[in-house]
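This briefing goes through one protein structure topic by topic. Keep the sequence and the 3D view open while reading.

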Amino acid sequence: MKRFLKITALAGAILLAAGPSGQAAGEAQHPRDGGFSFANLFGTFDRASAQRGFQVYKEVCANCHSMRLLSYRNLVELGLSEAEVRAIAATFTVTDGPNDEGAMFERPARLSDRFRSPFANDAAARTANNGALPPDLSVIVKARHDGANYLYSLLTGYGQEPPAGVTIGDGMNYNPYYPGGQIAMGQVLNDDQIEYTDGTNASADQMARDVTTFLAWASEPETEERRRMGIRVLVFLAIAGLLAYGVKRKIWAELKTKSA
Amino acid sequence: MADMATQPSAPPAGAPQATKRDFLALSATAFAAVGVGAIVWPFISSMNPARDVLAMASTEVDLTPIATGMAVTVMWRGKPVFVRNRTAEEIATARAVPVSELRDPQTDQSRVQRDNWLVMVGVCTHLGCVPLGQRPTDVRGDYSGWFCPCHGSHYDGSGRIRKGPAPTNLAVPQYTFLTPTQIRIG
Amino acid sequence: MALGLHKSEVKNPLLRWVDERLPVITMIQKEYGTFPTPRNFNYFWNFGALAMINLMIMIATGIFLAMHYQPNTLMAFDSVERIMRDVNYGWLIRYVHMNGASMFFIVVYIHIFRGLYYGSYKAPRELLWMLGVTIFLLMMATAFMGYVLPWGQMSLWGAVVITNLFSAFPVVGDFIVTLLWGGFSVDNPTLTRFFALHYLMPFMIVGVVFLHVAALHITGSNNPLGVEPKGPQDTIPFHPYYTIKDTVGIVVYLMVFAALVFFSPNYLGHPDNYIPANPLSTPAHIVPEWYFLPYYAILRAVPDKLGGVILMFSSILVWFAVPWLDSSKVRSMNFRPVARIFFLLWCISFGVLMYCGGKPAEEPFVTISRIATAYYFAYFLVVLPLLGRFERPMPLPESISRAVLGIKAMGGGPLPAGAAAKPMEKA
């Protein structure tokens with residue numbers, strides 16, 4: 001039985017290792033490792049980077065991509081003060097209503113409002129983007145295999161020559177990290193395109209890194225709490241396990257001495 | 001689980017290891033109890049208002065369209081809030097009542113921030129019905145305020161309970177005047 | 001007088017009053033307290049209790065999720081994300097439920113593996129085994145419908161593919177599919193009914209689990225030797241010996257569970273299910289959840305639509321017949337060295353099918369799947385019936401207590417039955 005188990009366990013381990021990772025069967029190039037702090041098993045989000053990432057999203061990505069699952073109030077968790085977030089929200093106008101006369105009206109956004117979407121609906125988004133739909137970014141890091149590294153690689157993967165024999169369609173761009181190699185989104189991050197409020201040098205690589213951190217946080221805002229709680233739960237269970245095992249040994253020891 | 005019903009399967013009393021095992025078993029049981037408590041809390045907590053619900057917990061009201069003697073009802077946290085622009089006469093009547101006569105003694109002054117604007121949660125303190133008295137055509141009760149049709153509670157022009165089963169005055173929510181013509185409730 | 005109060009032995013007067021009228025305490029005492037259990041269980045015998053705990057965890061988390069979930073195609077995806085972001089501890093409850101499904105299948109697969117290896121399905125436990133297979137089928141249906149609820153891309157397309165399986169049946173196929181959908185495609189009516197059924201089926205599972213346990217308590221448990229207990233010296237009371245042993249197993253299981261939930265909650269899931277369902281575009285590479293991969297591979301191994309569907313369903317239905325297919329009188333494979341090799345191959349074929357199910361339907365995976373499928377069925381339909389006639393099993397021990405207490409007892413001449421029986425008498 002023991003050897004049997006060993007063989008089965010070995011086979012299982014091989015399968016487990018090969019299984020889920022084997023899903024990324026595609027022509028896309030394997031993403032580069034961005035070395036993100038949150039990728040670590042016990043890692044946390046770099047707040048400063050995530051705040052800069054929000055600035056990149058706001059000034060660049062938000063022109064085409066919605067983040068409809070996030071509210072302005074969520075930004076408080078990024079380390080911004082409530083007053084700051086209120087001020088950020090107030091710079092956006094959202095449609096509210098109907099009012100007492102039955103008409104919709106515009107007002108500055110409040111903390112409880114969702115991020116304003118750039119387009120009224122998918123059809124409008126497609127029309128404005130040459131037929132391509134810019135995906136919502138709320139959970140994008142969860143929705144892609146190896147999400148953070150993929151986004152970082154994708155955003156910094158422009159400007160390479162397509163391999164011989166590949167013709168890039170009209171209005172498309174070559175990016176080796178995108179499945180199929182042709183992506184409707186052009187290169188959007190260029191050096192010094194925006195001016196960071198904290199004075200960090202806004203290189204394209206820095207912006208890609210920051211916006212990826214922000215989007216990773218947005219996809220799984222519970223990550224840090226989850227990992228903290230996980231450590232506590234595992235420590236608790238480890239002690240409980242030792243106690244239970246101790247009790248079990250005691251109880252069974254009595255049985256054995258009596259029977260033998 | 002079955003522990004409380006099983007007495008006989010315990011080890012013979014007085015066995016040398018008994019105390020050590022009891023101590024172990026006791027700490028294991030204590031651990032299990034803590035664990036169960038820690039498991040139960042997230043479930044209970046999940047039934048409390050979620051963060052998006054809490055974030056929506058304030059409402060802004062524009063007072064300009066409310067003429068003297070008129071009232072509006074706005075929604076706040078899913079409940080009606082009565083906002084009334086009282087006439088000088090209504091204010092005077094409310095303030096003339098001796099506080100000692102009241103079931104829930106409160107002066108009219110302590111219930112308003114600006115004399116004419118009365119802001120109250122429009123939920124009867126008896127069993128939660130919405131009292132009548134907001135519309136000009138409504139029955140307003142024996143004290144010219146609000147009247148709850150469910151079980152006959154009468155409130156006066158300051159929203160204080162005067163007659164009927166309700167134990168306390170209509171509640172005044174937390175609100176602030178953002179401008180002289182705009183308030184935020186909550 | 002035939003009727004009257006139950007003769008209770010409970011000491012506490014209040015509990016006694018209850019027990020005399022409704023002898024639940026006596027029953028618990030009998031079935032989980034003094035219940036005579038073979039003394040030689042190994043840790044594989046924890047997995048029944050683990051499955052029970054897992055079912056309870058799924059029902060508890062599921063009920064609380066249902067308080068926040070919206071079974072409507074327009075709101076389902078967002079309501080799940082709202083649970084993850086805004087509901088207090090919503091992420092925890094949802095991740096426990098989501099990974100709980102995987103844990104449930106891990107636990108139940110090991111439970112089934114245990115049954116197949118130690119011959120727990122053999123007489124007189126055939127019905128016990130069949131009830132277990134029924135539970136597994138209900139679990140599969142529940143898991144499948146649960147996966148549809150978040151209404152991501154995999155939810156929708158999994159539902160489309162699986163419901164379309166039924167269209168393979170001649171004459172009634174299209175009728176069944178339309179009936180399942182409640183429309184002309186997988187859409188809002190489908191989602192809403194899947195939610196209703198997903199909430200109902202766990203309670204059906206509870207019912208069958210009750211029967212499963214009731215049947216177990218008639219025949220008693222099998223054990224690693226596969227030799228029935230011959231007397232009190234072979235058994236010990238369930239409590240405290242196995243309650244505490246199960247507790248140890250439960251803590252270890254919870255640690256694995258916690259590691260998954262807190263540190264890698266999406267490892268066993270597919271990223272595409274975080275893309276909202278889009279009926280106009282199928283993901284490039286759709287796969288079911290890992291626990292369905294072997295059956296998916298069997299389905300794809302057959303070039304014929306109806307044939308594939310039938311073979312896939314048969315791969316589980318054949319389990320019902322195992323008690324009669326296996327001709328060996330020896331239960332435990334510890335004493336069947338040849339059978340052990342064939343069973344190991346079966347486990348490998350199951351694993352290979354799981355692997356191929358997650359791969360695209362192209363060579364060499366199709367051929368590998370076909371070979372593995374062939375062996376999967378051959379094991380049940382050829383090996384088990386024939387092997388029992390030709391193999392020569394190792395000699396069985398005389399009794400559990402002889403085997404367990406070993407040399408010492410043997411050396412001391414005949415087993416001191418009185419001494420060994422002591423714990424039983426106490427219980």
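**Rings, strands and cavities**

The charged end of C:Lys245 lies over the ring of A:Trp252, at 5.2 Å from the ring centre. The model is a predicted one. The points below cover its aromatic rings, the fold of chain B and a cavity.

**Aromatic rings**

- Over all chains, the structure contains 60 aromatic pairs.
- In one of them, A:Phe36 and A:Phe38 have ring centres 5.1 Å apart and planes at 20°, so this pair counts as stacked. The cut-off behind that label is an angle under 30 degrees between the planes.
- A:Phe36 and A:Phe38 are both buried.
- Another stacked pair is made by C:Phe41 and C:Trp45, with 5.3 Å from centre to centre and 15° between the planes.
- Both partners of that pair, C:Phe41 and C:Trp45, are buried.

**Charges over rings**

- A:Phe36 also has a charge over its ring: the charged end of A:Arg209 sits there, 5.8 Å from the ring centre.

**Chain B**

- Chain B has 186 residues, and 37% of them are buried.
- Its secondary structure consists of 3 helices and 9 strands.
- Read from the N terminus, the elements of chain B follow the order α-α-β-β-β-α-β-β-β-β-β-β.
- Strand S2 of chain B (residues 71-76) and strand S3 of chain B (residues 79-85) run antiparallel and are joined by 6 bridges.
- B:Met75 has B:Pro80, in S3(B), as its bridge partner.
- Together S2(B) and S3(B) make a hairpin, with 2 residues between the strands.
- B:Arg77, in the turn of this hairpin, has a positive phi of about 50°.

**Cavities**

- Searching the whole structure gives 4 cavities of 30 Å³ or more.
- The volume of the second largest cavity is about 70 Å³.
- From chain A, the lining of the second largest cavity includes A:Leu69, A:Ser71, A:Arg73, A:Asn74 and A:Arg114.
- From chain C, the lining of the second largest cavity includes C:Asp78, C:Glu81, C:Arg82, C:Arg85 and C:Asp86.
- By type, the lining of the second largest cavity has 7 charged, 2 polar and 1 nonpolar residues.

How values were computed:
Residues are numbered from 1 along each chain as its sequence is written. Chains are lettered from A and ligands numbered from 1 in the order in which they are written. This is a predicted model: local features need pLDDT of at least 70, side-chain atom pairs count only at pLDDT 80 or more; totals for chains, interfaces and linings use all residues. Side-chain values use heavy atoms; hydrogens and water are left out. Rings of Phe, Tyr and Trp (its six-membered ring) pair if their centres lie within 6.5 Å; planes under 30 degrees apart count as stacked, over 60 as edge-to-face and the rest as tilted. Buried means under 20% relative accessible area, exposed over 50%, partly exposed in between (1.4 Å probe, protein chains only). A charge sits over a ring if NZ of Lys or CZ of Arg is within 6 Å of the ring centre and within 35 degrees of the ring normal. Two strands pair if DSSP finds at least two bridges between them. Helices (H or I, at least four residues) and strands (E, at least two) are DSSP runs, numbered from the N terminus. On a 1 Å grid over the protein atoms alone, a cavity is a set of points where a 1.4 Å probe fits but cannot get out, and a pocket is an open set with protein on both sides within 12 Å along at least five of seven lines; lining residues have an atom within 4 Å of a point. Grid points are joined across faces, edges and corners, and a volume is the space filled by probe spheres set on the points. Ala, Val, Leu, Ile, Met, Phe, Trp, Tyr, Cys and Pro count as nonpolar, Asp, Glu, Lys and Arg as charged, and the others, Gly among them, as polar.
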